[in-house]
Amino acid sequence: MIVFLLKKSRLAFRDFVVFVIIFHMLILDGIRLSLLERSFVMTTLKLDQVTKQFVDKTAVDHIDLSVSKGEIYGLLGANGAGKTTTMRMVLGLIYPDEGQILYNGKAFTEELTSKLGYLPEERGLYPKVKVSDQLLYLAQLRGYSKKQADKNLKDWLERFDVSEYYNKKVEELSKGNQQKIQFIASVIHDPEILILDEAFSGLDPVNVELLKGAVKDLRDGGTCILFSTHRMEHVEELCSNISILDRSKTVLKGNIKKIKSTFPRERVILGVENEISGFQSITGVKSVHKKSYGYEINISEVEAAQDILKLAMDQSTVSRFEVLEPTLNEIFIKVVGGEGSE
Amino acid sequence: MNKLLTVAGFTIRNKLKTKAFIITTLIIALILCIGLNIPYIITLFSSDEPTKIGFLEDNSGIAESVDQYFQKQEDTDVEIVLFGDKDTVKENEQMAMNKLDAGEIEGYLQLKNEEVDGFPVVVYTSQTSLRFNLQNQLQNVFKLLKTDIVAKELGLSSEEQNILLSPVSFESVELSDTDTAQGGKQIEEKNETEEALSLFISYAVIILLFMGIMISGQLIATEITTEKSSRVMEILVTSVPSLTQMFGKIIGMFIVSVSQILIFVAVLVVNILLPHNAEVMQQINLDMSNVDMTMILPIIIYSILLYFMGFLLYSTLFAAIGSIVSRTEDLGQAIMPMTFISLAGFYIAIFSISMPDSALVVWSSFIPFFTPFVMTLRIGLGEPALWEIWLSLGILLATILGGGWLSAKIYRTGVLMYGKRPSIKELRKAMKAFKV
């Protein structure tokens, strides 16, 4: 194979040696390979310094993000932070004033609409048209064949256990079932890039699990998913990378685990049998809450945790001790809610 | 192109399936059927029984003359029943009253003893009021008789009398220029049937265009607003370029509207061709074999062209309006200006149908919003020069392109704007922001 490559690319021997060395390095450093793949080769959707200015305000201010094939990227932010505008730009509805959006390395063209799927936050289908009619119509509008769309539709309906809705009008369905149909509408044409705006809002826990499973399967099937929600637990479960927007700017961006590790651990869970006194005397303790299992203590510096444990062990048997990493929810509130606490 | 057809197809299918559409089409077709058969139905009920009118004879001989006159007449529904003189006035009246009560006669005539200008005063007695056309007929007869009597008294010969009575011959000739392109101005005349036919076509096209614009235009606007308010628009605009979407919808609606018209035309033609109606048609002097198609064909072609262009102009604007409104409740108010403009065009055309060359008509035929209505009228009934036709069509086409372009821009912007209806200023700002 190497010989073949050599011939094909007409590399000189020196180059060949360099090539072999790099090749070996890559094989040995599997993690490195996967990193390379992730950040350079397989990026499907890339926003580069994207800015959108509306007349009296900046809706999106120099946003960067990239989503790989088979990744769910979380786009978080308070209401009005610029999420919808960002998504609309990705969908090609409005054009950025600055920066660029690349799809598989190329700029937006009209043909791309067949590869994009969109689940808008404001749900909407034709209320008086049959489910099959309008979903096949929407698939055809995306340039998908009617026959294949029909097959996909039946598969999806079966998966969501609602096959009997094929011939029903949308207005006859319950809200939760309309959501399922809406979801199918966004994926019926096998999109490569899927944009989900508040995908699970208004669903009961059982259906949330159902749709979450579907989203995960799509991810594993290689779909690139841009995911926006206010439900942090969904983000923690589904996404590996996130961006948090606040007032049109990116305030936090990156891998969830890394983000979490950069935020100090500020919560201590302490399971004890007896009452313990004297927490307040430890430096770094902010507040103490009595719980059924013992105490939950907020601290301002991690070192205080060890002092707490010592104190507790002096006075009682410790059944549980944990220094919790911050939840995404806490991070979000800290970053977005607290003024200038970046 | 493919997506355009998909959108058009979806629009057509959904429209044809709605109950409202099916029911309206059926009702109008039914009304057409009934309307077209009304002349025949009237002949069924009326022609058999003539109106019987009694006449009390006296020795003047007038009663006999009237009776003879009506007997000679072919297309009259009046029959005179002569009553013999029973000596006294009272007895005579009694007898006539009896017959009136028995329903044998509708009324009776009686000559009074007093005379005005050498003719006895005629009295008509009946239980119901005198029908207008009956009174006309009777008056005419008596007038003739009087002329006759007076002429005899004056000693005029029957020839002299004819000269006096013969009507002034009056002919109406309508000129139309065709083939001006071939150099020499060749003037052809439309015969009566052709005139009637072009009147009919003009009328029909103007009414159909107005209906088509109002109904389809409103439907287009409503559908777009519904798509917007039900938020399915969000998905649509991300799937299809908005221009494709808008024109797909317009084409779909056009096909629906034209096929509806074709149904009505078919109903019309079938009804006219029914054997019992052929007779009626002949009676009102509409002989189709009499028609020179080269006279009528340009009218039909121009009418179709104008219909198409008018539809396009109005529906693009209706689409634009539909796109800026977020809730169907607000739509009625928003399309009001368009309704008024089309109403104005419609009424200018309809009220000028008897004077197709008036200044109002000529000038308004160059105003693009009125052209489809008014030019149809002018081509059908007036005599516009060829350059006038093409000039107005040119202006109309330019307006369609300009309006279509503007509508597409508004549409592109409007579909993304929710909340209250944007003002023109807000719309312009948004257009700039969205870079459309």
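A nonpolar core is a set of buried Ala, Val, Leu, Ile, Met, Phe, Trp, Tyr and Cys residues joined through side-chain atoms within 4.5 Å, where buried means under 20% relative accessible area (1.4 Å probe, protein chains only). In this predicted model, local features need pLDDT of at least 70 and side-chain atom pairs pLDDT 80 or more, while totals for chains, interfaces and linings use all residues. Residues are numbered from 1 along each chain as its sequence is written, and chains are lettered from A in the order in which they are written.

The largest nonpolar core here has 156 residues, and Phe183(A) and Phe373(B) are among those with the most contacts inside it. Helix α11 of chain B (residues 293-324) gives the largest share of this core, 15 residues; helices are DSSP runs (H or I) of at least four residues. Beyond its neighbours within four places in sequence, Phe183(A) is in contact (heavy atoms within 4.5 Å) with residues including Trp156(A), Phe160(A) and Leu196(A).

Now to where the two chains meet.

| Between chain A and chain B | Value |
|---|---|
| Residues in contact | 31 of chain A, 25 of chain B |
| Buried area | about 2800 Å² |
| Salt bridges | two |

Buried area is the accessible area (1.4 Å probe) that two parts lose on being put together, summed over both. Carbon and sulfur atoms give 61% of the area between the chains. Leu93(A), Tyr126(A) and Leu141(A) supply 23% of what chain A buries against chain B, more than any other three residues.

A salt bridge puts a side-chain nitrogen of Lys or Arg within 4 Å of a carboxyl oxygen of Asp or Glu. Arg88(A) forms one with Glu234(B), their closest N and O atoms being 3.1 Å apart.

Definitions and conventions: Side-chain values use heavy atoms; hydrogens and water are left out. Buried means under 20% relative accessible area, exposed over 50%, partly exposed in between (1.4 Å probe, protein chains only). Helices (H or I, at least four residues) and strands (E, at least two) are DSSP runs, numbered from the N terminus.
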